[in-house]
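User: Can you walk me through this one? I'd like to start with a charged pair.

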Amino acid sequence: MSKFGGGSASNSAAVAAQQAAAAEARAREAERKRRINEGLGRIETAFADFTDPFYNTYRTANLDYLNPQLEDQYEDARRELTFRLARAGQLNSQVAADELADLERQYTERGAEITNRADQAVGALKDRVAATRDTLTSQLYSTEDPETTGSQALSRAATLRATEPTLEPLGQLFQVAAIGLGNYLRGQEYGDLYRAASGPSLIGQRRESGRKVVR
Amino acid sequence: MCDPLTIAGLALSAASTIGTGIAQNRVAGMNRRAQEENVRYRESMRRAELARQEEQRRQANEAWAQALERSSEPAQTEQLQTEQQRLSDLFNTRPDPVDDQGQIIGDVLLSGQDSDDERTRQAFATSLAEEAGRARDRIEAMATLSAYGPSSGGLDRFVSQNLAESGRDIFRTQSFRRGGLNALNTELAVEPIQYDYRSTGLGEILGAAGSAATFGGSAGVGLPFLPKGWNAWLTQPLFGGSSAMAGAGFGRNYLATPGIGPYWY
């Protein structure tokens with residue numbers, strides 16, 4: 001200040017407050033970023049073991065529940081087919097060959113369908129895992145609280161890890177043909193011819209209209 | 001009017017005016033510098049935030065580009081083929097019931113079926129191979145169909161997960177950009193320091209003294225606190241005759257000093 005006069009800041013307190021608010025806003029934003037990154041890291045850690053081995057185990061668990069039902073029904077169907085063919089005297093006929101091959105095809109197809117079902121269950125579980133992660137992430141952005149989000153992530157991940165396969169029985173898997181009287185008579189006829197070991201082969205004749213599917 | 005007192009008064013007034021002007025100019029300079037400093041501060045804040053925004057934007061673009069690349073047509077075709085193969089391997093777990101030589105493998109035949117007769121075995125092998133082929137075709141078709149959507153690594157899920165993953169990254173950068181802009185707004189709200197001129201009083205005192213001296217001198221009355229002798233000397237004109245301009249009521253004449261003129265007023 002000179003002898004005549006000088007300048008004095010009239011708004012220094014207001015400017016200081018504005019500068020402090022600006023510094024605080026920047027610091028708060030940096031802290032918010034740090035908390036969000038930390039929370040995202042915690043979510044990532046909590047869900048780190050949802051990888052192929054985990055999903056393979058879940059698929060196997062599904063199959064372990066479903067496959068025994070398939071095997072049981074397959075054995076029952078074979079037994080039933082054996083009885084029906086035996087009752088019709090056609091165990092060694094073309095009808096028997098066709099029915100057995102049909103049963104084997106059903107067995108292969110049902111097995112694949114069950115595996116497909118188990119794989120789709122894995123897909124559904126993957127969707128649940130992804131949706132849970134998204135929910136936790138949204139909560140993190142709202143709360144900006146990595147501790148709470150982290151503990152929730154651990155809890156949710158534990159729940160998802162303990163997810164059990166859907167225990168629904170498979171229902172009727174196989175259709176075994178009813179071997180009718182017409183087939184029986186034809187089988188007898190063919191059998192006689194076959195036993196005579198002469199004439200045209202019995203084999204190669206396709207099954208006729210006596211076949212009826214039991215549902 | 002060219003008396004010493006008037007001259008001194010004018011000098012004091014001039015000194016007051018000049019001194020005050022210099023001081024005010026100095027304050028104006030302080031304000032200008034404060035304004036410039038504030039502009040520099042705001043500009044640096046803006047540039048810093050711009051750099052942060054640019055970095056976040058780059059990360060978002062990168063995440064988006066990666067998602068697009070992972071979901072590109074060649075990538076989807078590759079994923080579809082990989083998934084088809086995986087499902088095919090997963091579904092085809094049963095070995096064929098008939099080998100390449102047409103021999104039935106394992107105990108597929110039912111109890112009581114004649115496995116010794118060649119023609120019977122051949123008939124069974126043919127039917128089994130035929131149906132196994134049909135089963136294989138259906139399973140392949142199922143694998144293809146599932147690979148497009150509902151399987152665990154199906155195309156639909158694959159693309160959705162890719163987009164969701166990049167969406168998470170983009171959302172994060174978006175959140176940081178928004179937060180950064182909020183902080184910037186607070187930073188830009190900082191005003192420059194405002195300096196106001198404060199007088200010490202010296203200028204006013206000098207000004208008043210100058211005015212008084214000028215008046216006293218020009219009116220020929222001197223200054224009341226000075227002795228009469230001093231006032232007589234101080235009010236004596238330095239140039240010209242004895243006549244001097246004087247204010248009314250002081251008993252002096254109003255003749256202008258020759259050669260100087262009345263414009264001294």
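User: Are A:R105 and A:E109 buried or exposed?

Analyst: A:R105 is buried, and A:E109 is too. Buried is under 20% relative accessible area, exposed is over 50%, and partly exposed lies in between, using a 1.4 Å probe and protein chains only. This is a predicted model, where local features need pLDDT of at least 70, side-chain atom pairs count only at pLDDT 80 or more, and totals for chains, interfaces and linings use all residues. Residues are numbered from 1 along each chain as its sequence is written, chains are lettered from A and ligands numbered from 1 in the order in which they are written, and side-chain values use heavy atoms, with hydrogens and water left out.

User: What do the side chains of A:R105 and A:E109 meet in?

Analyst: A salt bridge, at 2.9 Å from N to O. The term covers a side-chain nitrogen of Lys or Arg within 4 Å of a carboxyl oxygen of Asp or Glu. Both residues lie in helix α3 (residues 94-143) of chain A, 4 residues apart, about one turn of the helix. Helices are DSSP runs of H or I with at least four residues, strands are runs of E with at least two, and numbering starts at the N terminus.

User: Which salt bridge links A:R105 to chain B?

Analyst: The side chain of A:R105 also meets that of B:E131 in a salt bridge, 2.7 Å from N to O. This pair crosses between chains, from helix α3 of chain A to helix α3 (residues 118-148) of chain B. B:E131 is buried, as is A:R105.

User: OK, B:E43 and B:R46. How far from N to O?

Analyst: Their side chains form a salt bridge at 3.5 Å. The two are separated by about one helical turn because they sit 3 residues apart in helix α1 (residues 4-70) of chain B. B:E43 is partly exposed at 30% relative accessible area, and B:R46 is partly exposed at 37%.

User: How many salt bridges over all chains?

Analyst: The count is 34. There is also a salt-bridge network linking A:E29, A:E31, A:R32, A:R34, A:R35, A:E38, A:R42 and A:E144.

User: Switching topic: what's the fold pattern of chain A?

Analyst: Along the sequence it reads β-α-α-α-α-β-α-β, with 5 helices and 3 strands. Of the 215 residues in chain A, 44% are buried.

User: And what share of chain A contacts join residues at least 24 apart?

Analyst: 85%, among contacts between residues at least 6 apart in sequence. A contact means heavy atoms within 4.5 Å.
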